[in-house]
Amino acid sequence: MKNKTYIKYFIMFSIILISLLPAYNFYLYAKNYDLKKSFNVDSVEKYVNYIVYKLFNRSMVQEQVIIGKDDFLFLGNDYAKVLDKTNGMYRPSNEEISNWTNKLKDLQKWYEDRGIKFVIVIAPNKHSIYKEKLPNFLKYDGKTITDDIVEQANIKNINILDLREKLIESKQQELDILYWKTDTHWNEKGASIAFDTIINKINNIYQLNLQKPKYNLNPSTRGGGDLANFLKINTILKKDYEKSYSYSFDKNYDICIGNISKD
């Protein structure tokens, strides 16, 4: 009954909105007005997307972004078939997995032959860390392409670090989330956990003692992220919509930045 009421109001709102479009577009484009722009919806699309998102928990651009639970947004299937990989529909052949991991093995050898320490790190997407926030149609607990690659990499003694386990473990201990709700990426807290885990892995594999810099995470805020931008609602969301962090280091560090040639 509640959804029917929402639908009724949404239809009424849509009719009113369409009838006001010519006047609104004239206001926006007065200096360069063109009759063809009379019913241009670009100027109001963000409001429609926002209303559908908040009232119906749905995305108007499902291939780019889907709506999860508790206002979580996730990348859609337009990007590397991420949803098909999340729910196990995308299953590569054993030959493909073998070819990929053989390339990783060759890459590791190339670096180590030149005295360069090598660890390949899997930076997991939000789908794999916050499974419980995905919509119900993406419920899946079976093996994924990542599981296949990690399994084969371990058999071939490739120095691979799968961050999923550590991030999921940390997620259960932390009060705050490790990925932004409206973005595809982890936040500063998630990144700091990944950084510590990577250094520990390198130290362990190569018997090193790399020292990690000392820093604090200071709470801050930010607006919507890239997924909110796909919905075109960034300008609607408050500038402090997401909880964020900033780093404060105990001292200044010299950092070397280099470009890697793909050739």
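Where is the place of Glu132 in the chain? Glu132 sits in the loop between α5 (126-129) and α6 (145-155), where helices (H or I, at least four residues) and strands (E, at least two) are DSSP runs, numbered from the N terminus. The model is predicted, so to speak of local features a pLDDT of at least 70 is needed, side-chain atom pairs count only at pLDDT 80 or more, and totals for chains, interfaces and linings use all residues. Residues are numbered from 1 along each chain as its sequence is written, and side-chain values use heavy atoms, with hydrogens and water left out.

Now for the overall picture. The chain has 9 helices and 6 strands. Buried residues make up 33% of its 263 residues; here buried means under 20% relative accessible area, exposed means over 50%, and partly exposed lies in between (1.4 Å probe, protein chains only). Among the contacts in the chain with a separation of 6 or more, 63% are between residues 24 or more positions apart, a contact being heavy atoms within 4.5 Å. The chain exposes about 17100 Å², and carbon and sulfur atoms supply 54% of that area. Accessible areas come from the Shrake-Rupley method with a 1.4 Å probe, and for residues only the protein chains shown count as cover.

Back to Glu132, which counts as partly exposed because its relative accessible area is 37%. Leaving aside neighbours within four places in sequence, Glu132 is in contact with Lys69 and Lys171. With Lys171, the side chain of Glu132 makes a polar contact of 3.1 Å. Such a contact is a pair of N or O atoms within 3.5 Å; within protein, one must be able to donate a hydrogen and the other to accept it, and residues adjacent in sequence count only if both atoms are side-chain atoms. Gly68 is 64 residues away from Glu132 along the chain, and their C-alpha atoms are separated by 8.9 Å.

Helix α6 comes next. Its buried residues are Ile145, Asp148, Ile149, Val150 and Ala153. What do the buried residues of α6 pack against? Their partners are the helices α3 (82-86), α4 (94-112) and α7 (164-173), together with the strands β3 (120-122) and β4 (160-162). Just after α6, Asn157 takes a positive phi of about 55 degrees.

Charged pairs form another theme. A search of the whole structure finds 15 salt bridges, each being a side-chain nitrogen of Lys or Arg within 4 Å of a carboxyl oxygen of Asp or Glu. One of them joins Asp147 and Arg164, with the closest N and O atoms 2.8 Å apart. Asp147 lies in helix α6 and Arg164 in helix α7, so this pair ties together parts that are 17 residues apart in sequence. Asp147 is partly exposed at 23% relative accessibility, whereas Arg164 is buried, with a relative accessible area of 15%. A further salt bridge is formed by Asp176 and Lys243, whose closest N and O atoms are 3.1 Å apart. Because Asp176 lies in the loop between α7 and α8 and Lys243 in strand β6, the pair ties together parts that are 67 residues apart in sequence. Both ends count as partly exposed, Asp176 at 25% and Lys243 at 42% relative accessibility. Salt bridges also link Arg91, Lys143, Asp148 and Glu151 in a network.

Beyond neighbours within four places in sequence, Asp84 is in contact with Asn77, Met89 and Tyr90.

Is Thr182 buried or exposed? Thr182 is buried, because its relative accessible area is 1%. This residue lies in the loop between α7 and α8 (188-206). Apart from neighbours within four places in sequence, its contacts include Leu73, Lys126, Asp226 and Tyr241.

Finally, the surface holds a nonpolar patch of about 580 Å², made by Tyr247, Phe249, Tyr253, Ile255 and Ile257. Patches are made of residues with over 30% relative accessible area and no salt bridge; like charges are joined within 9 Å, and nonpolar side chains (Val, Leu, Ile, Met, Phe, Trp, Tyr) within 5 Å. Tyr253 is in the segment after β6 (242-249) and counts as partly exposed at 34% relative accessibility.
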